[in-house]
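Hi,

Here is the structure I promised to pass on.

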Amino acid sequence: MTATITNAPPALTAGRRITGVGLAVASGLAVAVQSRINGELGVRLADGIAAAVVSFGLGLLVLLVLVPATPAGRRGLSALRAALADGSLRPWQCLGGVCGAFLVASQGLTIGTLGVAVFTVAVVAGQSGSSLLVDRAGIGPTGRQAVTPNRLVGAALTVLAVLLAVGDRLGEPGTLGLAVLPLLAGIGLAWQQAVNGRVRAASGSALAATLVNFTVGTVALLVTFAVGVAVRGGPAGGLPTEPWLYLGGPIGIVFIAIAATIVRFTGVLLLGLATIAGQVVGAVLLDLVLPTAASHPDAATLLGAGLTLVAVVVAARTPARHR
């Protein structure tokens, strides 16, 4: 009886949803910064997978020191072992980090041909649709949530907003077949957020859940990197000396910890939409404040960024009901 009460999803009050959405948008802004950092690191190393290994690996090292050093982290690891031992948490629910690794791998395989625009649209489309299904199936810690008209409209508006923001950069139609990989990666992101929320609920610690995610993701990336080195050799570039290029991992820790904590208040769909809104707005702000040779935000880009915020508001208007 006690275990049932402990693992029950919290009441999805309006205040908790609003706070969760605000934190998700803020974490999306951080992810936009992380993407710029990791993208620059990939350019310096001339290898996107190697950059991801460095980013994930540094994040894992920070967590391996931080989690055992804190009382909450130690309690979380003990609770996690107990949950796995008694079956209340399944081993497959600890594999969310694989989806992050697959996203990076699909980026390295397709973005050179598709471009960032088509890649982003495919990921958002996969994440928006999958989030509805993941919520409906009750995979996340909130349990089953109804697919309401507002949630459907919010998901559709998000895809439309990203299409509008990058519509002038969609590339050649002949390359769209490769978009299947980032589409699948987007589908995986929704599942990752759901199972990471389960790990957080079982362990009672966002840090412990984040450590599990980074451990699994780093192992998956190391395997991918090893295969790449065997096929085409190692990275062409050396490690850069600028410290800011190594902040991607710590930023990822914050993002994963926040997502694992607030998904039980927002549900997977609303968490995903709010994070996407933060990423799009953050990317636009970065292009305006710190432009690169490839950045050229125009009126359509700004309108698309604003529409992502509207999508979040629409999806959040009707409280999600879990069954």
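Before the notes, one term: a polar contact here is a pair of N or O atoms within 3.5 Å. Keep in mind too that this is a predicted model.

Ser-205 caps the N-terminal end of α8, with a side-chain oxygen 3.3 Å from the backbone nitrogen of Leu-207. The helix itself covers residues 206-232, and at 1.5 Å a residue its 27 residues should span 39 Å; the end C-alpha atoms are 38 Å apart, so the two agree. Just after α8 comes Gly-233, with a positive phi of about 90°.

I ran the same check on α2. Its 32 residues (14-45) should span 46 Å at 1.5 Å a residue, and the end C-alpha atoms are 46 Å apart, so that agrees as well. Here Ala-46 is the residue just after the helix, and it takes a positive phi of about 60°.

Now the inside. The largest nonpolar core has 19 residues, and Val-268, Leu-271 and Val-312 have the most contacts inside it. Two or more residues come from each of α2, α5 (97-137), α7 (180-203), α9 (248-289) and α10 (299-317). Of these, α9 gives the most, with ten residues.

Which residues is Leu-271 in contact with, leaving aside its neighbours within four places in sequence? They are Ala-24, Gln-193, Ala-259, Ile-262, Val-263 and Thr-266.

Apart from that core lies another, of 17 residues, including Val-104, Leu-211, Phe-214 and Phe-255.

Cheers

Notes: Residues numbered from 1 in each chain as written. Predicted model: local features only at pLDDT ≥ 70, side-chain atom pairs only at ≥ 80, totals over all residues. Heavy atoms only, no water. Helix = DSSP H or I, 4+ residues; strand = E, 2+ residues; numbered from the N terminus. Expected span 1.5 Å × (residues − 1). Core = buried A, V, L, I, M, F, W, Y, C linked by side-chain atoms within 4.5 Å. Buried < 20%, exposed > 50% of the residue type's maximum accessible area, 1.4 Å probe, protein only. Contact = heavy atoms within 4.5 Å. Polar contact = N/O pair within 3.5 Å; in protein donor to acceptor, adjacent residues only side chain to side chain.
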